[in-house]
Amino acid sequence: MIPFLDLMRLNERYTDALQQATNRVVQSGWYILGKELAAFEAAFAAYCQTGYAIGVANGLEALVLVLKAWDFPAGSEVLVASNAYIASILAITQAGLKPVLVEPDPQTYTLSAEHLRDALTPKTKAILPVHLYGRCCDMAAINEVAAEAGLLVLEDAAQAHGAMYQGKRAGNLGDAAGFSFYPTKNLGALGDAGAITTNDANLADKLLFWRNYGSKQKYVNQYKGHNSRLDEMQAAILTAKLAYLEAENKYRRRLAERYLTALKHPVLGLPPSDRIHDDVWHLFVVTHPERDRFRAYLLEKGIQTDIHYPTPPHRQEAYPEFNQLTLPVADKLHREVISLPLNPALTEAQQAYIIETINQATV
Ligand SMILES: *Cc1c(COP(=O)(O)O)cnc(C)c1O
């Protein structure tokens, strides 16, 4: 069986570096908000080419805390893609704001400027572009809409560590960005972790309060903050793994290029190939009109796949207020998408077998 993602194999290559990191933390006697976090924040900000990185508990919290720190009036609207991961939508509602679901470009799965303009109202305060599957949204167009309408832009970069857009990195393309270091992400911790990047010194300073009970000085509380800290153990692990991120993203690009040139199947829809070397291929997502049959065929041949995502946000029970919306692009994508194995632990021999199996498929 070719697993969709074998995290044990992915991390075991770094055993020595990870053991050094964890031993250092155990022996330090200091486990929350210390030197390891400061070192990781400096390294990650440098990597993203931003002025600041602020470690937080996870990716969802990264988005929530920025939206809360921006302090929009309750009920303000935030534009987000209708095919976004549920966490992007949860962040908006947890901050007391209203998500406005905007249909994506069906070719790139990301927000397009025309649809954004149509969704603007006097209550719109921000855009939350999700760099889905490791490809940056068309940020020039999005930032232009934001500038025209006086909106702030919060990138959801949870799938895009290291992705480039017009020579700049994801995380440095809007007013602030949220990253997740969930173990399956391109930069993954061995537990939960997240970060916010920004060039706004004022926001960065506020976020130091927001992640720690709204307090920077013990027992003095400025905001109704969260407990959302990135612990020393995960910070040390992330610093160790950050050193390998570029090499891993490069390998992902090689696998993506091979899929894009070698897959020959009459009805399979391939992801956009115009920015192979800028995208970081968190997921390699294809479409098939009979997705479930195709998936069953691959499984029978020993290939595990996944679906990102089976149910669009507007059809989730958690959001009855969206259940009546008509969003045909999101519905079609959720019916047809299937993610093929693509990760640093996938061997070229395994990929060759996947390609051959797909090219011979009669489904
Ligand atoms: C993983 C992910 C998140 C949430 O990150 P967590 O660390 O799991 O909270 C948010 N948005 C996107 C697009 C993601 O892929």
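The structure, a predicted model, holds 15 salt bridges, a salt bridge being a side-chain nitrogen of Lys or Arg within 4 Å of a carboxyl oxygen of Asp or Glu. Residues are numbered from 1 along each chain as its sequence is written, and side-chain values rest on heavy atoms, with hydrogens and water left out. As the model is predicted, local features need pLDDT of at least 70 and side-chain atom pairs count only at pLDDT 80 or more, whereas totals for chains, interfaces and linings use all residues.

One of these salt bridges brings together the side chains of D274 and R135, at 3.0 Å from N to O. This pair links distant parts of the chain, 139 residues apart, with D274 in the loop between α10 (245–262) and β10 (284–287) and R135 in the loop between β4 (124–128) and α7 (139–149); helices (H or I, at least four residues) and strands (E, at least two) are DSSP runs, numbered from the N terminus. D274 is exposed, with a relative accessible area of 56%, while R135 counts as buried at 7% relative accessibility. In these terms, buried stands for under 20% relative accessible area, exposed for over 50%, and partly exposed for values in between, with a 1.4 Å probe and protein chains only.

The side chains of K216 and D205 also meet in a salt bridge, at 2.4 Å from N to O. K216 lies in the loop between α8 (201–210) and α9 and D205 in helix α8, so this pair ties together parts that are 11 residues apart in sequence. K216 is partly exposed, with a relative accessible area of 45%, and D205 is partly exposed at 32%. In a further salt bridge, of 2.8 Å from N to O, the side chain of D331 meets that of R315. Here too the pair links distant parts of the chain, 16 residues apart, with D331 in helix α12 (residues 328–336) and R315 in the loop between α11 (291–300) and α12. D331 counts as buried at 14% relative accessibility, whereas R315, at 44%, counts as partly exposed. Salt bridges that share partners join R117, E144 and E148 into one network.

Seven strands form an open sheet of mixed pairing, in the order β1-β9-β8-β5-β4-β2-β3, where two strands pair if DSSP finds at least two bridges between them. β1 (52–56) and β3 (98–102) stand at the edges with a single partner strand each, so one side of each is left without a neighbour in the sheet. Neighbouring strands of this sheet are turned by 25° against each other on average, direction ignored; axes are lines fitted to C-alpha atoms, for helices over the stretch in contact, and angles run from 0 to 180 degrees between N-to-C directions.

Within the sheet, strand β2 (residues 77–81) runs parallel to β4 and is joined to β4 by four bridges. In this pairing, T124 of β4 is the bridge partner of E77, and V80 stands opposite L128 in β4. Two bridges join β4 to β5, which also run parallel, with A126 standing opposite L152 in β5. β4 is mostly covered, four of its five residues being buried.

α3 touches β1, β8 (176–180) and β9 (194–198), and the direction of α3 makes about 130° with that of β1. Helix α4 (residues 59–70) lies across β1, β4, β5 (152–156), β8 and β9, and runs at about 175° to β5.

For helix α2 (residues 15–28), 14 residues at 1.5 Å a residue should span 20 Å, and the end C-alpha atoms are 20 Å apart, which agrees; the expected span is 1.5 Å times one less than the number of residues. L18, A21 and V25 are buried in α2. Seen down the axis of α2, the buried residues fall within an arc of 65°, so they line one face of the helix, the arc being that of the directions from the helix axis to the C-beta atoms. The elements that cover these buried residues include α1 (7–12), α3 (35–48) and α9 (232–242), whereas the face of α2 turned away from its buried side carries the exposed residues D16, Q20 and Q27. α2 is followed by G29, whose phi is positive, near 75°.

Definitions and conventions
Contact means heavy atoms within 4.5 Å.
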